[in-house]
Amino acid sequence: MLDKNGIAKRIAKELKDKYFVNLGIGIPTLVANYIPQGIEVEFQSENGVLGMGPFPFEGEEDADIINAGKQTITTMPGASFFDSAMSFSMIRGQHVDLTILGAMEVAENGDIANWKIPGKMVKGMGGAMDLVASAENIIVAMMHTNRAGESKLLKKCSLPLTGVGCVKKIVTNLGFLEVTDDGFKLLERAPGVSVEDIKNATKGNLIIEENIPEMILD
């Protein structure tokens, strides 16, 4: 089973050379710590940063350099800063190759709910709706079940939607799945996790072909 860093490390293997990547808040921000060797990736944040690096070491934080989740970050050589209008022009203009988001729920058709639980106060949707409406390649990073042990991979989302039919792949603490026309296709199992474990934790239609390999992180 993966922890949050393990999820981020597996998603990082999906990065390609010269990609421009937007990282949502939560687990997705950890992906910047695991860029594969031999490739160059530019991380973009909707608060106005292009060229984010790994998180700073303790004692080296600069409170003026933050990501969209208000976490302190580092920047790579050549990084640039700009206003939110420019940032969302990049997103809406489809200049971002890959978007990595957290989610509360994902439906088997690729719908995503990641911004609001009815009855709970939220500050706003942030950039999530623009990201899911504009991105052609979305990977979700999340736990497979919620704190009550209930599946977050569903036939249909029960929470207010952020986007419709937009999620392509999902990495959870239990496995790596692809969203297809027929449902969630299991591609890899997390270390120490069985296919049966994933079946029991998934409410949406789960497609399982023979010989599901165990995930390799290194």
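View 1. A polar atom of the Asn114 side chain lies 3.1 Å from the backbone oxygen of Gly102. Asn114 sits in the loop between β7 (112-113) and α3 (128-134), where helices (H or I, at least four residues) and strands (E, at least two) are DSSP runs numbered from the N terminus. With a relative accessible area of 18%, Asn114 is buried, because buried means under 20% with a 1.4 Å probe and protein chains only.

**View 2. The open, mixed sheet.** Its 10 strands follow the order β4-β3-β2-β1-β5-β8-β10-β11-β12-β13, and two strands pair if DSSP finds at least two bridges between them. At the edges, β4 (75-81) and β13 (206-207) each pair on one side only.

**View 3. The pairing of β1 with β5.** Strand β1 (residues 20-23) runs parallel to strand β5 (residues 98-101), and the two are joined over 3 bridges; Asn22 has Thr99 in β5 as its bridge partner.

**Notes.** Residues are numbered from 1 along each chain as its sequence is written, and side-chain values use heavy atoms, with hydrogens and water left out. In this predicted model, local features need pLDDT of at least 70 and side-chain atom pairs count only at pLDDT 80 or more, while totals for chains, interfaces and linings use all residues.

Notes:
Buried means under 20% relative accessible area, exposed over 50%, partly exposed in between (1.4 Å probe, protein chains only). A polar contact is a pair of N or O atoms within 3.5 Å; within protein, one must be able to donate a hydrogen and the other to accept it, and residues adjacent in sequence count only if both atoms are side-chain atoms.
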